[in-house]
Amino acid sequence: MNNDWNDEELAVHLEGLEKNLLNHEVRTSYEDFDRLLADDFVEFGSSGRVFDKREQLEATNASDEVLVMHLTDFHLNRLAEDVAHVTFKVYKENNNQYSLRSSIWKLNEDRWQMFFHQGTNIV
């Protein structure tokens, strides 16, 4: 995989990975989640709870509910050659809820993995 990402290429790539994480098939696949999340992954959930990678992987088959979510307003801020911060908005159709999202991605052995994520509901 290419390590020489320009900002436009990286934005398209990371937006695609974020969209994958909103996809029901990916969200319920242990293997897909394992590949996309860094081993030291941490999430500050909109509920106020803190999750690590193990907890997220254990939750992959916890619910059969299909969440329909749409990503908009995607922005990339490169923090280093191998670290990027992205922000975006998600609309969840199931409960008519918008949230602001923020993720930090790290390039790890030629693969971008999510290191940190936070979701904040818009009230």
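I began by noting that buried means under 20% relative accessible area, exposed over 50%, and partly exposed in between (1.4 Å probe, protein chains only).

I am reading a predicted model, where local features need pLDDT of at least 70, side-chain atom pairs count only at pLDDT 80 or more, and totals for chains, interfaces and linings use all residues. Residues are numbered from 1 along each chain as its sequence is written, and side-chain values use heavy atoms, with hydrogens and water left out.

**Entry on R101.** I found R101 in strand β5, a strand being a DSSP run of E with at least two residues, numbered from the N terminus. R101 is buried and yet has no salt bridge, a term for a side-chain nitrogen of Lys or Arg within 4 Å of a carboxyl oxygen of Asp or Glu. Which side chain of opposite charge is nearest to R101? I looked it up, and it is E43, 6.1 Å away; here Lys and Arg count as positive and Asp and Glu as negative, while His and the chain ends are not counted.

The side chain of R101 does make a polar contact with the side chain of S99, at 2.8 Å. I took a polar contact as a pair of N or O atoms within 3.5 Å, where within protein one must be able to donate a hydrogen and the other to accept it, and residues adjacent in sequence count only if both atoms are side-chain atoms.

**Entry on H85.** I placed H85 in strand β4, residues 83-92, and its side chain makes a polar contact with the side chain of S102, at 2.7 Å.

**Entry on Y98.** Y98 lies in strand β5, residues 97-108, and it counts as partly exposed because its relative accessibility is 40%.

Note on methods: Helix = DSSP H or I, 4+ residues; strand = E, 2+ residues; numbered from the N terminus.
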